[in-house]
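I have kept to what can be read from the coordinates.

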Amino acid sequence: MSKAKSIHRTEKAKQDNDPAPASGSRRAPGGELHQVAGGRHPVLTTNQGLTFSDNQNSLRANPRGPTLLEDFILREKITHFDHERIPERIVHARATGVHGFFELTASLKQFTTARVLTEIGVKTPVFTRISTVAGGAGSVDTPRDVRGFAVKFYTQEGNWDLVGNNVPVFFIQDAIKFPDLIHAVKMEPDRGFPQSATAHDTFWDFISLTPESMHMVMWIMSDRTLPRSLRMIEGFGVHSFRLVNAAGESTFVKFHWRPKLGLQSTIWDETVKISGADQDFHRRDMFDAIAAGNFPEWEFAVQLFTQEQADKFPFDHLDATKLIPEELVPLKVIGRMVLDRWPNNFFAETEQVAYCPSHVVPGIDFSNDPLLQGRLFSYLDTQLSRLGSPNFHQIPVNAPQCPFANHQRDGHMQMTQPAGRVAYEPNSLSDNSPRETPKGFHSAAVMETGEKGRIRAEAFADHYSQARQFYLSQTVHEQAHIASALVFELSKVEHPHIREAMVGHLIHIEKDLAKRVATGLGLDKMPDAAVAATPVKKMAPSPALQIIGKMKDTLMGRAVGILIADGSDGAAIRKIKKAATDAGASVKIVAPKVGGAKLADGTMLAADGQLAGTPSVLFDAVAVILSEKGAQALSMEGAAIDFVRDAFGHLKAIAVDQGGQALLKTANVGHDAGVVDATDSKAFIAAAKTRQWDRERSIRTLA
Ligand code: HDE
């Protein structure tokens with residue numbers, strides 16, 4: 001350590017040393033940046049602009065004496081630090097946020113006056129925040145959980161927040177149940193665990209007593225809640241909204257985001273291991289993609305329907321536990337969203353962004369969905385406690401990017417200084433104070449009749465038909481994953497009556513599913529079916545609800561790992577790498593040492609990851625290129641054995657040369673169509689674009 005950097009600084013050392021780096025520096029009172037002698041860095045100051053000479057030592061009564069209360073510099077710095085966190089979101093605390101733009105490709109002029117949905121080609125800036133729901137801000141990226149999908153459109157008519165999820169339905173039908181749902185899913189209050197998991201008693205207790213959740217249960221037990229990448233998830237506005245046109249006519253609309261890379265999920269065992277290998281798996285994936293210029297993109301689509309159409313649906317579209325199958329109302333693609341800019345500062349943007357479903361623009365309005373109606377209250381309220389002030393709209397990430405003005409004044413952390421004596425409307429004293437405009441937001445003129453009361457519509461009573469439709473729409477592999485997830489989760493539940501009650505619900509969804517779960521749980525007899533309020537309807541399967549059916553035949557956005565060691569064949573490595581890169585994958589070399597391996601031709605190849613810290617769960621497919629000696633050395637390495645075992649166990653393609661083959665043998669890894677010779681890069685790429693679904697039955701017990 002240089003003398004100048006030592007915390008035991010002498011006066012001489014202080015003079016030799018540059019001050020601390022520029023971050024957080026402010027302009028000095030005179031408006032000039034203080035410059036040090038070398039002129040390279042601004043001078044460090046307090047928040048009041050005071051320059052100071054020592055940022056390493058607090059003020060002490062003598063070199064070995066007590067610290068003095070007088071040290072206002074220490075106190076300012078520590079006080080600020082002590083308050084660096086704001087209350088984290090009660091739900092959706094853990095997230096990744098990215099800037100980008102939305103571009104309209106087809107106009108909805110016939111249906112709405114909203115310019116963001118009528119002006120083709122205009123690029124509207126957005127800030128998109130994708131989150132998990134149950135875990136705290138520091139929890140892992142990959143629990144089994146719904147993903148929030150919130151988009152703030154900074155339109156020229158004000159901010160429009162579309163605050164959705166990656167699942168098109170929700171657990172409950174009425175906002176009044178939301179605090180109970182969240183209390184049930186969050187860590188149990190007496191013990192403080194589990195963090196970010198549904199696999200515990202209070203969650204399943206609540207769910208087993210809430211039949212309306214059964215459709216959502218099918219979605220969360222599917223691999224939709226185990227996304228491979230945030231770039232490979234769909235997004236849904238969930239509720240029906242209204243579009244209102246210039247004539248004041250309204251049309252119902254559901255909003256959808258569809259990822260350009262297609263859908264892809266991981267499987268449960270893989271997810272669990274990813275959590276250990278990289279807690280920031282999704283955030284890092286998004287960060288790396290954006291840094292590499294691989295900007296994630298989604299199509300924006302709408303389902304439009306009239307009241308007359310809705311009256312004929314075999315469900316109530318105001319019920320957020322129901323979706324409108326694409327086969328019933330097709331999706332119309334009207335635009336795209338590209339995320340292309342990582343925030344400058346995580347706290348300022350991703351943490352402070354405040355979404356509210358009530359943020360709409362003229363031409364977009366709400367439906368009577370009772371869940372949405374509750375959300376219109378909740379989000380503004382939560383921002384007040386989270387951000388501490390009604391002026392949260394002044395924080396840059398929340399501020400509209402169009403002019404905004406009104407007579408609201410003052411309050412905590414007010415950043416503007418309005419001039420003049422008029423702060424009210426109407427007024428006759430000011431010609432240029434803001435006034436209402438007929439072109440502004442109008443609520444749709446909707447006739448309401450009926451009795452007031454705490455009454456749920458009869459049409460909301462069918463809790464099983466769409467759950468059944470979802471289950472029956474899945475491939476056999478996906479059905480097995482749903483059944484196995486239910487067995488896993490309910491096996492973590494300590495109270496047998498909760499397990500039995502859940503199986504009682506599954507009977508209505510699909511008898512075979514109930515049987516599989518009952519067998520998986522070791523129930524000695526089938527429990528009674530739950531009481532169903534209405535008979536279960538037969539609905540045609542909707543293949544659009546699958547994940548496997550929506551995987552894209554590409555390696556774009558995917559990653560391939562090549563395991564090498566001293567003596568590996570450089571030409572074989574290059575061949576596989578080129579084939580994978582040409583197919584769009586990113587490729588990483590994994591070696592026992594991060595410095596790399598000495599190849600057969602004597603050259604060194606640097607590694608992107610060290611074997612112990614770069615397991616195969618981080619890749620979509622792997623190649624193992626080893627010399628005989630290399631294979632021998634790795635046969636003693638647990639991490640190498642796990643590398644190939646897990647790749648096989650997670651149904652991935654594996655390309656091997658002779659040495660690689662030897663390692664597979666040591667690891668007792670079998671052979672199938674997904675294990676290919678490294679010389680056949682075409683076969684490898686074809687296998688890498690999918691998972692070897694048929695392999696699964698041979699390696700693990702599925703329910
Ligand atoms: Fe939320 N939800 N929610 N929610 N929600 C919040 O608002 C709430 C619901 C969703 O990235 C909170 O700013 C109620 C459905 C997302 O910042 C809070 C109900 C859907 C985000 C809140 C629901 C969502 C939130 C917590 C039942 C999908 C994260 C922090 C009526 C359509 C937004 C905050 C972000 C966040 C309340 C149900 C999506 C407490 C009362 C349904 C994506 O206000």
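The points below take up the ligand site, the aromatic pairs, the charges over rings and some backbone features.

1. Please keep in mind throughout that this is a predicted model, and that every value quoted here is computed from that predicted model.

2. The iron atom of the ligand has Tyr379 as its only protein donor, through OH at 1.8 Å, and Tyr379 is part of helix H10. The side chain of Tyr379 also has an N or O atom 2.6 Å from a nitrogen atom of the ligand.

3. Which residues come nearest to the ligand? Of the 24 residues around the ligand, these are Arg89, Arg129, Ser378, Tyr379 and Gln383. Helix H10 makes the largest contribution to the shell, with 6 residues, and strand S3 (147-155) and strand S4 (158-165) are also among the elements that give two or more residues. Sorted by class, the shell comprises 12 nonpolar, 9 polar and 3 charged residues.

4. The structure contains 23 aromatic pairs. One of them, formed by Phe255 and Phe300, is stacked, with 5.6 Å from centre to centre and 5° between the planes. This pair connects distant parts of the chain, since Phe255 belongs to strand S7 (residues 250-259) and Phe300 to strand S8 (residues 297-305), 45 residues apart. Phe255 counts as buried because its relative accessible area is 1%, and Phe300 is likewise buried, at 0% relative accessibility.

5. Phe305 and Phe313 form a tilted pair, 5.4 Å centre to centre and with 55° between the planes. Both partners are buried, Phe305 with a relative accessible area of 0% and Phe313 with one of 10%.

6. Lys152 lies over the face of Tyr355, 5.3 Å from the ring centre, and the charged end of Arg695 is placed over the ring of Phe648, at 4.0 Å from its centre.

7. In helix H7 (residues 281-291), the buried residues include Phe281, His282, Arg283, Asp285, Met286, Ala289 and Ile290. After H7 comes Gly293, which has a positive phi near 80°.

8. Most residues other than glycine have a negative phi, and most peptide bonds are trans. Against this background, Phe193 and Pro194 are joined by a cis peptide bond with omega about 0°, and Pro194 sits in the loop between helix H3 (178-185) and helix H4 (201-208). Glu425 and Pro426 are also joined by a cis peptide bond, here with omega about 5°, and Pro426 is in the loop between H10 and helix H11 (465-473).

9. Where do positive phi values occur in residues other than glycine? Val238 has a phi near 70° and lies in the loop between strand S5 (235-236) and strand S6 (241-244), where Val238 is buried, at a relative accessible area of 7%. Met413 has a phi near 55° and is found in the loop between H10 and H11; at 60% relative accessibility, Met413 is exposed.

Key: Residues numbered from 1 in each chain as written. Heavy atoms only, no water. Phe/Tyr/Trp six-rings, centres within 6.5 Å; stacked < 30°, edge-to-face > 60°. Helix = DSSP H or I, 4+ residues; strand = E, 2+ residues; numbered from the N terminus. Buried < 20%, exposed > 50% of the residue type's maximum accessible area, 1.4 Å probe, protein only. Lys NZ or Arg CZ within 6 Å of the ring centre and 35° of its normal. Near = heavy atom within 4 Å. Polar contact = N/O pair within 3.5 Å; in protein donor to acceptor, adjacent residues only side chain to side chain. Nonpolar A, V, L, I, M, F, W, Y, C, P; charged D, E, K, R; others polar. Donors = N, O, S within 2.8 Å, 3.2 Å for Na, K, Ca; no water.
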